[in-house]
Amino acid sequence: MQNIISKIKDFKFPKDKMKITLLDKFILSQVFGATLVCLILFIIVWIAPETLFKIIKKLLEDELTGYGAIRKLILEIPKVLAKAIPVGILLGSIFTFDRLSKNSELSILRGIGLSFNRIMTPVIIFGAILSIFCYTVNDKLVPIASHKLGESKGGGSHFVYIVENPDKTPKQNIIVSNFTPEKIHNITVMNFSHEKYDDAVMFRSIIFAPYALKLQDCWLLKNALIYDIDENGVYKKVSQLENYKILTQGKQAQEVYDLMINNTRKERVFTNHQIKKYTKLLKRANFSDEYRYFKAKLYQRYLHPLTCILFAIIGCLLGFAPPRSQRLIGFTIAVGMIFAYYITLPFFDLLAQKSILPPFIAAVFPIILFIISIFIIKKVKDL
């Protein structure tokens with residue numbers, strides 16, 4: 001055992017294998033330039049049809065100033081950039097290796113003893129660097145841009161939350177008909193009866209309030225109308241209270257408020273840390289569908305950057321071909337893979353949300369398919 005440990009400590013990578021050669025610099029520069037061009041084109045194509053049209057329309061209708069239009073356009077870029085980076089490295093590496101194949105440069109390099117794996121090493125390293133950048137864009141830049149665009153405000157209508165007793169029986173049903181981060185309007189609170197019935201759920205009182213204040217330790221319903229109900233389900237008394245407190249247990253008031261506001265927010269407004277906290281909150285509140293959906297999205301945040309490395313390898317493999325072979329096949333396969341990946345992502349999200357697949361399996365499944373594709377392409381091309 002000590003011999004093994006000493007060997008591990010004494011192990012050093014051969015310096016000649018770690019040197020950046022002129023060939024590495026040349027391939028890296030070619031892939032970098034091609035990837036940059038593909039990134040710009042993809043962003044333009046993605047933004048132009050809808051986003052740019054809306055901005056121009058608002059600009060012409062004086063809803064936006066020239067500065068506001070430019071600012072909005074710039075803030076839309078991070079959302080597209082997160083999707084464009086894997087596409088850029090895929091098309092950039094295909095274009096580069098296709099050109100090297102056409103000029104017989106790859107054949108010459110392989111003829112002097114360089115393996116294909118060695119030739120595409122700088123591209124894989126470049127893909128790894130882009131994967132870190134892609135992760136940062138998703139985790140930091142996209143939420144910041146979404147926040148500045150006003151997408152993180154939250155708000156909507158018809159939020160329902162059931163407060164449970166310690167034995168998991170329903171205690172209170174809270175329905176909010178209209179809410180924003182600043183105001184909670186039209187609240188209905190149904191207090192369940194302690195009596196148990198086989199065929200029906202009874203209430204002991206129903207409270208209506210035009211608005212509520214979210215305090216640190218409770219929600220304070222203002223000008224609440226209280227309808228007391230007897231065991232036969234008939235109103236027996238109506239009273240009014242200026243202040244009526246609900247959600248008074250521990251952090252319950254803040255947690256339910258967070259659930260309500262975040263319920264209408266899109267996944268892109270959250271950082272990874274915020275998604276982690278939110279999924280824990282959803283799990284505690286038994287919001288099963290939302291929990292599975294956001295859990296799958298969290299896994300995607302970690303797995304999506306890996307597509308930069310996988311697409312870099314796939315691009316090199318698809319770009320390699322004999323000098324006189326058909327060039328269109330590789331690009332067609334690449335475009336098909338891009339569309340298949342981004343079109344099926346919502347489908348896998350739905351499978352996770354509906355509990356058809358576990359969230360991790362739903363998130364990792366496309367990655368597994370790309371890894372399998374690498375081995376298939378490599379075997380078909382006999383590399």
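**View 1. Helix H7 packs with helix H11.** Helix H7 (residues 121-148) and helix H11 (residues 306-319) pack with their axes 7 Å apart and at an angle of about 150°, where axes are lines fitted to C-alpha atoms, for helices over the stretch in contact, and angles run from 0 to 180 degrees between N-to-C directions. This is a predicted model, in which local features need pLDDT of at least 70 and side-chain atom pairs count only at pLDDT 80 or more, while totals for chains, interfaces and linings use all residues. Residues are numbered from 1 along each chain as its sequence is written, and side-chain values use heavy atoms, with hydrogens and water left out. Helices are DSSP runs (H or I, at least four residues), numbered from the N terminus. H7 and H11 are therefore roughly antiparallel to each other, a term for angles over 145 degrees. Their crossing is right-handed, meaning that the near helix is turned clockwise from the far one by less than a right angle. In contact (heavy atoms within 4.5 Å), Val123, Ile124, Gly127, Ala128, Leu130, Ser131 and Cys134 of H7 meet Cys308, Ile309, Ala312, Ile313 and Cys316 of H11. By class, this contact has 10 nonpolar, two polar and no charged residues, where Ala, Val, Leu, Ile, Met, Phe, Trp, Tyr, Cys and Pro count as nonpolar, Asp, Glu, Lys and Arg as charged, and the others, Gly among them, as polar.

**View 2. Helix H8 crosses helix H9.** The axes of helix H8 (residues 252-262) and helix H9 (residues 272-284) come within 11 Å and cross at roughly 110°. H8 and H9 are therefore roughly perpendicular to each other, the term for angles of 65 to 115 degrees. On the H8 side, Glu255, Asp258, Leu259 and Asn262 meet Tyr278, Leu281, Leu282 and Arg284 of H9. This contact has four nonpolar, one polar and three charged residues by class.

**View 3. Residues line the largest cavity.** A cavity is a set of points, on a 1 Å grid over the protein atoms alone, where a 1.4 Å probe fits but cannot get out, and its lining residues have an atom within 4 Å of a point. The count comes to one cavity of 30 Å³ or more, and about 50 Å³ of space lies in the largest cavity. The lining includes Gln300, His304, Tyr341 and Pro366. Helix H10 (288-303), helix H12 (328-353) and helix H13 (359-380) each supply at least two residues of this lining, and the largest share, three residues, comes from H13. By class, the lining has six nonpolar, two polar and no charged residues.

Definitions and conventions:
Angles under 35 degrees count as roughly parallel, over 145 as roughly antiparallel, 65 to 115 as roughly perpendicular and the rest as oblique. On a 1 Å grid over the protein atoms alone, a cavity is a set of points where a 1.4 Å probe fits but cannot get out, and a pocket is an open set with protein on both sides within 12 Å along at least five of seven lines; lining residues have an atom within 4 Å of a point. Grid points are joined across faces, edges and corners, and a volume is the space filled by probe spheres set on the points.
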